[in-house]
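Trainee: Could you walk me through this one? I'd like to start with the packing and then look at whatever else stands out.

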Amino acid sequence: MDERKKEFKKLLIRLGDKMSARDEEKIRFMFEDDLSQDVSKPTDLFRELLQKDKISHERPGSLSTIYRDINRIDLAIEVDQWTEVMEANNGVVPQNTFAGETLDDRLLNSVARDIGRDWKMLSRHLGLDETSIQSIQQAHFSDLHEASYQALLRWKKDFGAKATPRSFKRALTDMKLMGIVHVYFPTP
C-alpha cells in the first residue's frame with residue numbers, strides 16, 4: 001500500500017472517531033443507492049465509499065464535500081488540512097500534524113464570521129488584554145468580521161501552544177455560544 005493511501009486511511013479512522021451516529025446516517029442517506037444495508041460503523045461506511053470510488057486518497061476533496069454537505073465543517077477543514085500537508089510534503093505526513101491540538105486559520109475565520117458583536121467579550125474570555133482589543137477595534141472599526149478574525153489570530157499568536165481547540169471551545173461554551181460550539185465542535 002502506498003504511503004498516501006495509508007495516511008488517508010489513518011485520516012478516515014480519525015474522522016470516523018469524530019462522527020456521530022447522525023452524521024453516519026446522513027452520509028448513508030446521501031449514498032443509499034450505492035451502499036449495502038450492513039454498513040453499521042464508520043469504517044464500514046468508508047470501506048464501501050472507497051470501493052465504490054466515492055472517496056479516494058487521490059481525490060480527498062470529495063470527502064471534504066461530503067462533510068460540507070452534512071454540515072460538518074470542522075471535519076471538512078480537517079480533510080482540507082490533510083490535503084494541503086500531503087501536497088506540501090510530497091505525500092508524507094509529518095508526525096503529529098493532525099493531532100487535533102492546533103487551530104486552523106480557516107476555522108478561526110469561519111467562527112469569526114459567526115461570532116458577530118460578541119467578538120470583544122470572547123477575546124476577553126480567551127485572555128486578550130484590553131489594549132489589544134482596543135487596537136484591533138480601532139484598526140477594523142468598520143468591519144466586524146475582520147475585527148473578530150484578527151482578535152482570534154492575535155489570541156492564537158500570543159498564546160501559542162495554549163491556544164488549543166479545547167480552550168477555544170471552553171471559551172465559547174462559557175459565553176453560552178452553543179450554536180457556534182455545535183457547528184464547529186460537534187460531539188459524537
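Trainee: Which residues does leucine 122 touch, not counting residues up to four places away in sequence?

Mentor: Bearing in mind that this is a predicted model, leucine 122 touches Ile115, Leu152, Phe168, Ala171, Leu172 and Met175, once residues up to four places away in sequence are set aside.

Trainee: And where does that put it in the largest nonpolar core?

Mentor: That core has 29 residues, and Leu122, Leu152, Phe168 and Leu172 are the ones that touch the most other members. At least two residues of this core come from each of helix 5 (73-88), helix 6 (105-115), helix 7 (119-126), helix 8 (130-139), helix 9 (144-159), helix 10 (165-174) and helix 11 (178-184).

Trainee: What does the second core include?

Mentor: The second core, which is separate and has 22 residues, includes Leu12, Leu35, Leu63 and Ile70.

Trainee: Back to helix 9, then: which of its residues are buried, and what do they pack against?

Mentor: Ala147, Ser148, Tyr149, Ala151, Leu152 and Trp155 are buried in helix 9, and the buried residues of this helix pack against helix 6, helix 7, helix 8 and helix 10.

Trainee: How far apart are its end C-alpha atoms, and what should the helix span?

Mentor: The end C-alpha atoms of helix 9 are 22 Å apart, and this agrees with expectation, because 16 residues at 1.5 Å a residue should span 22 Å.

Trainee: What's at the start of helix 9, and what follows it?

Mentor: At the start, a side-chain oxygen of aspartate 143 comes to within 3.3 Å of the backbone nitrogen of histidine 145. After helix 9 comes glycine 160, which has a positive phi, near 50°.

Trainee: Switching topic, is phenylalanine 46 buried or exposed?

Mentor: Phenylalanine 46, which is found in helix 3 (residues 42-51), counts as buried because its relative accessibility is 4%, where the cut-off for buried is under 20%.

Trainee: What does it touch, leaving out residues up to four places away?

Mentor: With those left out, phenylalanine 46 touches Leu12, Leu15, Gly16, Met19, Ile55, Leu63 and Tyr67.

How values were computed. Residues numbered from 1 in each chain as written. Predicted model: local features only at pLDDT ≥ 70, side-chain atom pairs only at ≥ 80, totals over all residues. Heavy atoms only, no water. Core = buried A, V, L, I, M, F, W, Y, C linked by side-chain atoms within 4.5 Å. Buried < 20%, exposed > 50% of the residue type's maximum accessible area, 1.4 Å probe, protein only. Helix = DSSP H or I, 4+ residues; strand = E, 2+ residues; numbered from the N terminus. Contact = heavy atoms within 4.5 Å. Expected span 1.5 Å × (residues − 1). Polar contact = N/O pair within 3.5 Å; in protein donor to acceptor, adjacent residues only side chain to side chain.
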